[in-house]
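User: I have a structure open here and would like to talk it through with you. Could you take me through it piece by piece?

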Amino acid sequence: MIRVVLPQHLRTLARVNGEVTVDVPGPPTLGAVLSALESTYPVLQGTMRDHITLKRRPFVRFYACEQDLSHDAPDTRLPDAVASGAEPFLVVGAMAGG
Amino acid sequence: MSGVRLLVGTRKGAFVLTADGKRERWDISGPHFGGWEIYHLKGSPADPNRLYASQSSGWFGQILQRSNDGGTTWDTVGNKFVYDGVAGQHLWYDGTPHPWEFKRVWHLEPALDDPDTVYAGVEDAAMFRTTDAGQNWHELPGLRTHESAGKWAPGAGGLCLHTILIDPGNPKRMFIAISAAGAFRTDDGGTSWRPINRGLKSQTELPDPKAEVGHCVHRLAMHRSRPGVLFMQKHWDVMRSDDAGDSWHEVSGNLPTDFGFVIDVHAHDPDTIYVVPIKSDSEHYPPDGKLRVYRSKTGGQEWEALTNGLPQRDCYVNVLRDAMSVDSLEKCGVYFGTTGGQVYASADGGDSWKAVAQNLPPVLSVEAQTLA
């Protein structure tokens, strides 16, 4: 079970409050947790990464354990603390605008 | 009792304004989808309680919303807009080829007779259609693959398809406009398209001022009783066509400036049209700080300024291309929204105005629904 913190606008879209949890079948990779999120909450499809190319949207960032995972490959294994549920995986709207 | 519902899209959410047929007191609900850009909302002519809204964000992309109860509750529907086949290239601002990339939905146009069918005009310019109430969207690729498409270039706001008009007497005939490619018409339901820009002149914007494509058309309007007559607010120039776009002639007449974005037609008089002149393409505010709607009762050329109730000093707002609409009550109501967050309403065809909302986020679009 992976804990995920979504930004406010995606929580509103998904109609959830606070953290969510998702089951990730197989190795807990960056791509797998995003797929699990999109499967559990289909409304999030296209909001974090492109529908077809699966490329991260430019102003969306992925953090965990005080590390920026945004530029990691989709098959990058998440930190053990995230895989064990000790730490959350964070989806973040990048700082932008005035 | 009859009434009016205004669907207002803004930079930071959607607002629904309602009034009874007198249109004196307005209730405002919202923001719906607070914090998101709402480029456009529109109701189905076949079922006025079926609404669609385009919700987008620089962070999280495009979302489509649907309401079945007139905007009280909303559900997300499909947001997958994928160009059909090879996306191809258009011109970029610097004149080099640039790949087609989907960015957002600018305009939603529900079919006249089916609340589940909706056309979407998108950036980068293309037309999509849903026939299942928004769950799935498919491109009508004949427009984007038109032989001229490689010469299309974005206007300052992007390469956007922002206007869709459906001929009420022949729904297979539609008119669209793209900034900055121009106007196009289909006579076969969107399979094939032809540019309809003869008579347009873009003296300083194009190397060939009379080019077949490349004109920055800001808005088209028609009256449903006379779909062969079209009105256009171009970047500069107000234009009219009496042959379904085959040719255009200028009707700017005595306007103080013929730059602007909106144009619309009175609900009951097809020769009465409205524009909001804007000073210039680099000064996006009214001339002399006076917000004036101009009305022509002669189908253009002869214009009168409508000022009663509108600010006549120190006003430097803009009125964007999808931000004017009319109702069809006996005394036609006219509405427009500003980048200053005001929504102005006239219940007497433009003779007098009042602000029915004053402090909204910048207004991107206004659609009026006349309710039985």
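Analyst: Gladly, with the reminder that this is a predicted model. Chain A has three helices and five strands, and along the sequence these follow the pattern β-α-β-α-β-β-α-β.

User: How does the radius of gyration of chain A sit against the globule rule?

Analyst: The radius of gyration of chain A is 12 Å, close to the 13 Å that the globule rule gives for 98 residues, so chain A is as compact as a globular protein of that length. Along its principal axes, the C-alpha trace of chain A spans about 35 × 25 × 25 Å.

User: What share of chain A is buried, and how much of the contact set joins residues 24 or more positions apart?

Analyst: Buried residues account for 23% of the 98 residues in chain A. Of the contacts in chain A with a separation of 6 or more, 55% are between residues 24 or more positions apart.

User: Switching to the partner, how many residues of chain A are in contact with chain B?

Analyst: There are 14 residues of chain A in contact with twelve residues of chain B. Helix α1 of chain A, residues 8-14, gives the most to the side of chain A that touches chain B, contributing three residues.

User: Now chain B. Where is A267(B), and is it buried or exposed?

Analyst: A267(B) lies in the loop between β22 (259-265) and β23 (273-278) of chain B. With 22 other C-beta atoms within 10 Å, A267(B) reaches the cut-off of 20 or more and therefore counts as buried.

User: Which residues is it in contact with, leaving aside its neighbours within four places in sequence?

Analyst: On that basis A267(B) is in contact with V326(B), D327(B), S328(B) and C332(B). As for S325(B), it is 58 residues from A267(B) in sequence, while the two are 9.7 Å apart in space, C-alpha to C-alpha.

User: How many bridges join β22(B) to β23(B)?

Analyst: Five bridges join these two strands, which run antiparallel, and V265(B) stands opposite I273(B) in β23(B).

Terms used. Residues are numbered from 1 along each chain as its sequence is written. Chains are lettered from A and ligands numbered from 1 in the order in which they are written. This is a predicted model: local features need pLDDT of at least 70, side-chain atom pairs count only at pLDDT 80 or more; totals for chains, interfaces and linings use all residues. Helices (H or I, at least four residues) and strands (E, at least two) are DSSP runs, numbered from the N terminus. The radius of gyration is taken over C-alpha atoms; the globule rule is 2.2 Å times the number of residues to the power 0.38. A residue is buried if 20 or more other C-beta atoms lie within 10 Å of its own, exposed if 12 or fewer, and partly exposed in between; C-beta atoms are placed from the backbone. Two residues are in contact if their C-beta atoms, placed from the backbone, lie within 7 Å. Two strands pair if DSSP finds at least two bridges between them.
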